[in-house]
Amino acid sequence: MEDQAVADIEQLQQDYLARIADADLAALEDIRIAALGKQGAITGLLKTLGAMSPEERQEQGPRINGAREAVTAAIAARKDALEGAALNERLAAEAIDLTLPVAPSPQGSVHPVAQVMDELAEIFADLGFAVATGPEIESGWYNFTALNMPETHPARAMHDTFYFPDTGPDGEPMLLRTHTSPVQIRTMMGQKPPIRIIAPGRTYRSDSDATHTPMFHQVEGLVIDKGITMAHLKWTLETFVRAFFERDDIVLRLRPSYFPFTEPSAEVDVGFTVEKGKRVIGGDPTGPNGGWMEILGSGMVNPKVIEHCGLDPDEWQGFAFGCGIDRLAMLKYGMDDLRAFFDGDLRWLKHYGFSSLDVPTLSGGVGA
């Protein structure tokens, strides 16, 4: 009788192992339930152990548990093999084309003002200029007095300038700089000529409309050397404007003007033409679709300014110029409202912003 019971257990095990070897994933689950489920055949054998004598339990128990472990191991192995084969088949059918570009992920963009600053630095570096910086909170001496703007000058009025209640070591009031010209003063006082610098940065004036904001960006240039003339100034400005707007047919016009810190002084107009209803820098400004637009101010550095910086104006001469960086960005990239520069509108930034990889170079095209 015991021999029959042992044969039955071994036969049951062999039958399940044979069925497992040929089963797919769906059939494998049915076999597991039939053998090892609550009502399964092997589970039923385990339940009979309780009714056996100690001698029978010691004899049959290891065989029944051995059958359960063998069937369990066979089911797991078969399942792993079937799932591995299914995965390999899926991978073979779902080949990825690695030649396709990766889908772009959300990323920030470079603000047009920052882009234009980089372009200006690149252009003037090619002309031998260094970039100089200075504090945005200045004393009246650096911002006005040293630049030949006395206490009675209109720019010192409260409605034009943001003042602080403090005064500087020179006794003059502290203020948010109205231009980057104080950087020119600090440079002339801090280093010996020859000097070739540009001074880009934030400036502040009490003004706000579609083309003016209380805070804006400005770049100024300064050259101090021996034998400097207006011819050097005109050539520098022509080279800069043609490189910035990437056109060789740009014409400049210098008109006499007045600035306290330069003498003689000149407003600089750039020629433009109207193409397809849009104003484009370049072309024939005297033609039927042409005209002139003011873009910056310039002139020879006033001898009084040179004296204020401890230099001899009979030995050293120079020229200076300045223009709004925001205005340059508007002209080059077609923006018509200066206030949008500071709204922080993501839609505007996505439309007008630049990729961080778009590094301006003269060899690769400025602003490319």
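Start at proline 264, which you'll find in strand S8 (262-275); helices (H or I, at least four residues) and strands (E, at least two) here are DSSP runs, numbered from the N terminus. Most residues other than glycine have a negative phi, and most peptide bonds are trans.

Before you click on: this is a predicted model, where local features need pLDDT of at least 70 and side-chain atom pairs count only at pLDDT 80 or more, while totals for chains, interfaces and linings use all residues. Residues are numbered from 1 along each chain as its sequence is written, and side-chain values use heavy atoms, with hydrogens and water left out.

Now pick proline 193 and proline 194: a cis peptide bond joins them, with omega about 5°. Proline 194 sits in the loop between H7 and S5.

Select lysine 276, in the loop between S8 and S9. Lysine 276 isn't a glycine, yet its phi is positive, about 55°. Its relative accessibility is 88%, so lysine 276 counts as exposed (buried means under 20% relative accessible area, exposed over 50%, partly exposed in between, with a 1.4 Å probe and protein chains only). Then jump to glutamate 246, in the loop between H8 and strand S7 (252-259). Glutamate 246 has a positive phi too, about 60°, again without being a glycine. At 45% relative accessibility, glutamate 246 counts as partly exposed.

Time for a helix. Select H5, residues 112-126: its 15 residues reach 21 Å from first C-alpha to last, close to the 21 Å expected at 1.5 Å a residue (the expected span is 1.5 Å times one less than the number of residues). Show side chains for Pro112, Val113, Gln115, Val116, Glu119, Leu120, Ile123 and Phe124, which are buried. Look down the axis of H5 and those buried residues fall within an arc of 155°, so they line one face of the helix (the arc is that of the directions from the helix axis to the C-beta atoms). What covers them includes strand S6 (215-225), helix H8 (230-245) and helix H10 (325-333); contact means heavy atoms within 4.5 Å. After H5 comes glycine 128, with a positive phi near 90°.

A pocket is an open set of points on a 1 Å grid over the protein atoms alone, where a 1.4 Å probe fits, with protein on both sides within 12 Å along at least five of seven lines; lining residues have an atom within 4 Å of a point. Grid points are joined across faces, edges and corners, and a volume is the space filled by probe spheres set on the points. Colour S10 and you'll have the largest share of this lining, six residues.

Last stop: the second largest pocket, holding about 380 Å³ of space. It has 14 lining residues, and Arg279, Met330, Leu331, Gly334 and Met335 lie nearest its centre. Select H10 again here: H10 gives the most to the lining of this second pocket, with five residues.
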